[in-house]
Amino acid sequence: MAQKGRRGFKPPANYEPGRKPRGRKFHGGGRPTEADATRRDRADAAAKKRDPAEPKRADAGAQRVAPRAPRQPRAAATPLPKLEAKITTAADAAGVRFTDLGLGGNIVRVLGELGAEQPFPIQVATIPDTIAGRDILGRARTGSGKTIAFGAALVERMLKLKAEGAFGAKPGSKAPRAQRGVRVQRTATRNPRALILAPTRELALQIDRTVQPIARSVGFYTAQMVGGIPIDPQIHALERGVDIVIGTPGRVQDLVTRRKLDLREVLVTVLDEADHMCDLGFLEPVQRVLRETQRDGQRLLFSATLDSGVSELVAEFLRDPAVHEAEPAASGRVRHRVHMVARDHKEQTLVQLAKTPGRVLMFCRTRAYAEQITEVLAEAGLRVTSLHGDLSQSRRERNLAHFATGKASVLVATDVAARGIHVDDVDLVIQADPPNDFKTYLHRAGRTGRAGRDGRVVTVIPKPREQSMREILEHAGIEAEQFGEFVPKAAGGAKRTR
């Protein structure tokens with residue numbers, strides 16, 4: 001822009017030297033003009049008119065600016081209202097077959113290959129409503145069959161939508177034949193029509209291992225979109241075209257931001273462990289992802305504990321949801337114990353407990369402590385491996401496979417494994433560090449007592465944590481068969497008090 005005083009400068013018609021534009025805020029030490037004084041006097045008069053009893057301030061200029069009100073704390077989220085849930089018991093599911101729920105022959109065949117011969121209560125409760133297109137709130141304990149409940153129903157729902165012409169090519173339509181000398185137009189990438197979100201990589205990969213064969217049996221393709229692994233193969237998969245995206249909120253949002261993932265045609269969205277995603281701070285990423293999908297799309301929320309943490313998601317995205325709660329099918333008896341241990345005896349206690357015959361899963365709060373305990377157990381001669389966030393994805397999968405196949409009898413993990421590990425024959429769960437809340441306790445304890453097997457949960461705590469641990473058990477609705485002091489054998493015996 002030409003500057004004043006230079007050759008060729010032509011001022012605009014409304015140019016007035018020295019005039020400050022109105023409506024803009026200036027910071028400077030200019031002298032107040034007569035107009036400023038007039039405006040100040042008018043403000044003072046208006047203030048006196050509003051409150052004649054108010055004494056005149058010593059600083060006349062201070063009356064022009066109203067004192068700023070103290071910042072109010074942000075209002076808490078509205079608690080999730082108590083929704084009337086339809087409870088489905090094991091007796092209700094007795095004698096019901098997958099074909100009775102509306103699933104097609106190919107899907108039922110694959111479920112049989114996966115070992116699902118008879119539907120569990122959560123599957124009996126939610127599959128018909130999902131196929132019918134209703135929004136779902138599903139509550140069921142870990143290991144009750146939620147993955148098949150939403151996975152099989154999602155695929156059947158997509159088949160129904162495709163038959164109705166909601167997506168894909170029209171029935172009977174064919175691609176134009178290529179002609180010599182005519183350039184073939186590149187077809188647009190096939191965007192996903194369904195999205196499944198999970199809080200952790202392990203859980204997302206586990207979901208994909210279950211949903212992928214079901215989807216492939218009817219011609220749909222899945223893709224894993226999780227963090228911690230290179231993003232380029234995931235982008236290539238999207239460029240080839242996928243029907244169902246299974247991923248974590250962070251990586252899905254990253255791909256949307258890069259404009260590699262288009263969610264505008266997503267008709268069905270599933271949130272597995274929805275409350276855990278909110279606990280991990282994924283509420284806003286999940287909201288942003290859901291807003292990218294079709295506004296009138298179908299939403300399914302599944303978790304073992306649905307509480308006020310998901311109230312914002314329910315209020316914004318679900319319309320008249322069908323609320324289902326299911327009792328576990330063929331669950332074994334799980335015994336709970338709490339050992340109060342002195343600090344000097346803790347490692348000896350963990351070694352003694354880890355030597356229990358069978359498969360042992362031990363939870364630690366931090367990655368560093370998990371590695372420390374892994375070394376202690378290895379020095380004691382145990383076949384032990386670890387699972388935490390500092391390991392690469394390939395290493396985590398390999399360690400989990402060693403535990404699942406029996407090459408390692410003890411797995412030491414952080415809470416990243418509390419949701420996502422699917423090993424049916426875990427005999428003992430040890431909580432080397434007590435959980436912070438009852439939801440974490442339930443999900444850790446849910447690793448044992450699966451598929452009709454009995455299990456045990458032992459929590460090791462210091463004496464000062466006694467009261468808080470009792471409150472956690474009370475909120476979880478669990479009565480410990482033993483709660484008292486414990487002294488390992490290496491320290492001279494055991495002392496237990498009720």
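**Figure 1. Contacts across the whole chain.** Residues 24 or more positions apart account for 76% of the contacts in the protein chain with a separation of 6 or more, where contact means heavy atoms within 4.5 Å. This is a predicted model, in which local features need pLDDT of at least 70 and side-chain atom pairs count only at pLDDT 80 or more, while totals for chains, interfaces and linings use all residues. Residues are numbered from 1 along each chain as its sequence is written, and side-chain values use heavy atoms, with hydrogens and water left out. The protein chain holds 16 helices and 15 strands; these are DSSP runs numbered from the N terminus, helices being H or I with at least four residues and strands E with at least two. Of its 498 residues, 45% count as buried. Here buried means under 20% relative accessible area, exposed means over 50%, and partly exposed is in between (1.4 Å probe, protein chains only).

**Figure 2. The largest nonpolar core.** A nonpolar core is a set of buried Ala, Val, Leu, Ile, Met, Phe, Trp, Tyr and Cys residues joined through side-chain atoms within 4.5 Å. The largest one has 46 residues, and the members touching the most others are Leu103, Leu111, Ile196, Ile207, Ile244 and Phe302. Helix 5 (residues 146–163) gives the largest share of this core, 9 residues. Which residues does Leu103 contact, leaving aside neighbours within four places in sequence? They are Phe98, Val108, Leu111, Ile127, Ile131, Ala152, Ala153 and Glu156.

**Figure 3. Helix 5 against helix 6.** Helix 5 and helix 6 (residues 201–216) pack with their axes 10 Å apart, at an angle of about 35 degrees. Axes are lines fitted to C-alpha atoms, for helices over the stretch in contact, and angles run from 0 to 180 degrees between N-to-C directions. On the helix 5 side, look for Thr147, Ile148, Phe150, Gly151, Ala152 and Val155, which meet Gln206, Ile207, Thr210, Val211, Ile214 and Ala215 in helix 6. The contact residues divide into 8 nonpolar, 4 polar and no charged. In this grouping Ala, Val, Leu, Ile, Met, Phe, Trp, Tyr, Cys and Pro count as nonpolar, Asp, Glu, Lys and Arg as charged, and the others, Gly among them, as polar.

Figure 4. Helix 8 (residues 249–257) packs on helix 10 (residues 283–292) at an angle of about 50 degrees, their axes 9 Å apart. That makes helix 8 oblique to helix 10: angles under 35 degrees count as roughly parallel, over 145 as roughly antiparallel, 65 to 115 as roughly perpendicular and the rest as oblique. Their crossing is left-handed. Pro249, Val252, Gln253 and Val256 of helix 8 make the contact with Pro285, Val286, Arg288, Val289 and Glu292 of helix 10. By type, these residues are 6 nonpolar, 1 polar and 2 charged. Is Val252 buried or exposed? Val252 is buried, with a relative accessible area of 0%. Not counting residues up to four places away in sequence, Val252 touches Leu197, Met225, Gly247, Leu261, Leu263 and Val289.

**Figure 5. Helix 15 against helix 16.** The axes of helix 15 (residues 438–445) and helix 16 (residues 466–476) come within 8 Å and cross at roughly 70 degrees. The two helices are therefore roughly perpendicular to each other. Phe438, Tyr441 and Leu442 of helix 15 meet Met469, Ile472, Leu473, His475 and Ala476 of helix 16. Here the division is 7 nonpolar, 1 polar and no charged.

**Figure 6. Two residues with positive phi.** Most residues other than glycine have a negative phi. Glu273, not a glycine, has a positive phi of about 55 degrees. Glu273 sits in the loop between strand 6 (268–272) and helix 9 (274–279) and counts as buried at 5% relative accessibility. Asp320 also has a positive phi, near 45 degrees. Asp320 lies in the loop between helix 11 (311–317) and strand 8 (322–326) and, at 63% relative accessibility, counts as exposed.

**Figure 7. Thr385 in strand 11.** Thr385 belongs to strand 11 (residues 384–387) and is buried, at 10% relative accessibility. Thr385 and Leu411 are 26 residues apart in sequence, and their C-alpha atoms are 5.1 Å apart in space.

Notes. A crossing is left-handed if the near helix is turned anticlockwise from the far one by less than a right angle, and right-handed if clockwise.
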